[in-house]
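Hi there,

Here is the structure I promised to pass on to you.

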Amino acid sequence: MKPPVFWLASSVIGCLVLVGGFYRYAEIQRATIVAAIPLRPPPTRMPAKLFKLLGDTETNLRNDWRPTAALVDLSQLYHANGFYREAMQCYQALEFLEPHEGKWLHLHATILAGFGEQDKALPLERQAVALSPNYLPAWLRLGDILVKSNRLSDAAATYNAILKQSPGHDYALLGLAQTHILVNDWSGARGYLEEAVAKHPGFSAGWNLLVTVYDNLPNQTLAAAARDRAKTSGPTREFSDPWIDALTEKCYDAYQLSVAAALSTDHGEARRWLERAIDLAPDSHFYQQQLGRLLFASEDYNQAQPHAEKAVSLAPDDSDSWALLLEIFKKAGNTAAMERTLHDALEHCPTSAYLHFMNAQRLRSQNRLEAALEELKIAKRYQPNGARAYIETAMILFAQSRVDDAIDEMKTAVAVEPGNRVALEVLARTTINSADAPAARHYIQLIRALSDVNPTDLAAIENKYQRQFGQRP
């Protein structure tokens, strides 16, 4: 049996070896991190706040006892603000320091894919999926890279793997449709897309691609209906990617914040992005207007008004800002302010079709019908391809018992906007009244194909047709 002194000496030596190994590892880690610090771009290329924040983060990275956390901050600051080469330099170091973390590989691959460097992005995304198999955005990105690399069977396998984890996933079905479109299998693509929009009716990307599919089958009736649904489904967005979306918190680019706000479905988040955009670009009317519209949409008229007024003061020749301010006054019931503002708006923006249209509505409400018609003529001259002024003109002409002229205006409205529900419903009713069965059936068929038709209104028109002609349309 060895004496206790031996055990004590052995323990001390073992501890020293462990401590020495730890410090050696820490030295390697710190050296890797310091070497990963990119050369900071000049201050002329970024907001002053971002330049200072980058400098502070670099200081933390060199001096903090947890430099990896500072390197994460630095990578995301660069990525969020469009300094992609610098971000990738940081991600390469993080991949070395945290080899079991899929996040850095995914973010790195996303940048490369955005540059069109699919061959470099592919192995990184494969690794990301292997390390983070439950993170579906990495699978979706991998499928997208494979499609763009024309590796369609691998892409299809990737999308099917997503569907096993998340049955009916909209973007996985969209991806499978794309693999069929690329080999001109329009019928195969149709099945996946119809499943996607059936399970996700507001999926605008699916509706938009269905338009192309139906056009190529060809089936123009279905294509028209899909085109109409695409218009009412909102903007097309990329799939949600929380790792990418979180970068917005680090963004100091006013335009990118504006885009993020437009795509966000969270009112509070969108408002926060726009307030930061305004702070970064206080002389831009666009962000003031965008925030005003956001608040207007939530019926917060008192808070929307100062932003609209600021937008008008910054860019008095922008008719959209004036229109927003007028809409706020109209909703608030402030007629005096609306009339005063409309006068000023037309002085600054005499060629705005919408402002002339709003003035026509004001005149019509005062029963000054001839003056309103003159304003509508001006609106149509400046915007001949918008249905709104033709419909308003028709309504005034109906009120004056000028029925034939009113119908001509409605027909023009449909010609410039084939899916305009109001014009189609009026034409359906008037052709039924005039006993023109073929025309009435034509308009009813067009109404049936619309996505925004009210079933009660459609049923009323169909019943009116049956009473008039003794049969269903």
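Seven helices each supply at least two residues of the lining of the largest pocket: α3 (67–80), α5 (102–114), α7 (136–148), α11 (204–216), α13 (242–245), α14 (254–263) and α15 (267–280). Helices here are DSSP runs of H or I with at least four residues, numbered from the N terminus. Before we go on, please keep in mind that this is a predicted model, where local features need pLDDT of at least 70, side-chain atom pairs count only at pLDDT 80 or more, and totals for chains, interfaces and linings use all residues. Residues are numbered from 1 along each chain as its sequence is written, and side-chain values use heavy atoms, with hydrogens and water left out.

**The pockets**

Rolling a probe the size of a water molecule over the atoms shows where empty space is left. A pocket is found on a 1 Å grid over the protein atoms alone, as an open set of points where a 1.4 Å probe fits, with protein on both sides within 12 Å along at least five of seven lines; its lining residues have an atom within 4 Å of a point. Grid points are joined across faces, edges and corners, and the volume is the space filled by probe spheres set on the points.

The largest pocket has a volume of about 1300 Å³. It is lined by 43 residues, and those closest to its centre are E238, I244, D245, T248 and L263. Which helix gives the most to this lining? That is α14, with 5 residues. Sorted by class, the lining of the largest pocket holds 19 nonpolar, 14 polar and 10 charged residues. In this sorting, Ala, Val, Leu, Ile, Met, Phe, Trp, Tyr, Cys and Pro are nonpolar, Asp, Glu, Lys and Arg are charged, and the others, Gly among them, are polar.

The second largest pocket holds about 370 Å³ of space. Of its 16 lining residues, A224, D228, P418, G419 and L450 are the closest to the centre. The largest share, 7 residues, comes from α12. By class, the second largest pocket is lined by 7 nonpolar, 5 polar and 4 charged residues.

**Rings**

Next, the aromatic side chains. Rings of Phe, Tyr and Trp (its six-membered ring) pair if their centres lie within 6.5 Å; planes under 30 degrees apart count as stacked, over 60 as edge-to-face and the rest as tilted. The count comes to 10 aromatic pairs. Why is the pair of Y78 and F83 called edge-to-face? The ring centres of Y78 and F83 are 6.1 Å apart and the planes stand at 75°, so the pair gets that label.

I also checked how covered these residues are (buried means under 20% relative accessible area, exposed over 50%, partly exposed in between, with a 1.4 Å probe and protein chains only). Y78 is buried at 0%, and F83 is buried at 6%. F286 and Y287 form another edge-to-face pair, 5.7 Å centre to centre with 75° between the planes. Here F286 is partly exposed at 40%, whereas Y287 is buried at 10%. Y171, F203 and F239 form one aromatic cluster.

Charges can sit over rings too (NZ of Lys or CZ of Arg within 6 Å of the ring centre and within 35 degrees of the ring normal). The charged end of R40 sits over the ring of F51, 4.5 Å from its centre, and R388 lies over the face of F357 at 5.2 Å from the ring centre.

**Salt bridges**

Side chains of opposite charge can pair when their charged atoms come close. A salt bridge is a side-chain nitrogen of Lys or Arg within 4 Å of a carboxyl oxygen of Asp or Glu, and the count comes to 24 salt bridges.

- D144 and K148 form a salt bridge, with their closest N and O atoms 3.2 Å apart. They are 4 residues apart in helix α7, so about one helical turn separates them. D144 is buried at 16%, while K148 is exposed at 53%.
- R364 and E392 form a salt bridge with the closest N and O atoms 3.1 Å apart. This pair links distant parts of the chain, with R364 in α20 (residues 353–365) and E392 in α22 (residues 387–399), 28 residues apart.
- R85, E117 and K120 are linked in a network of salt bridges.

Happy exploring!
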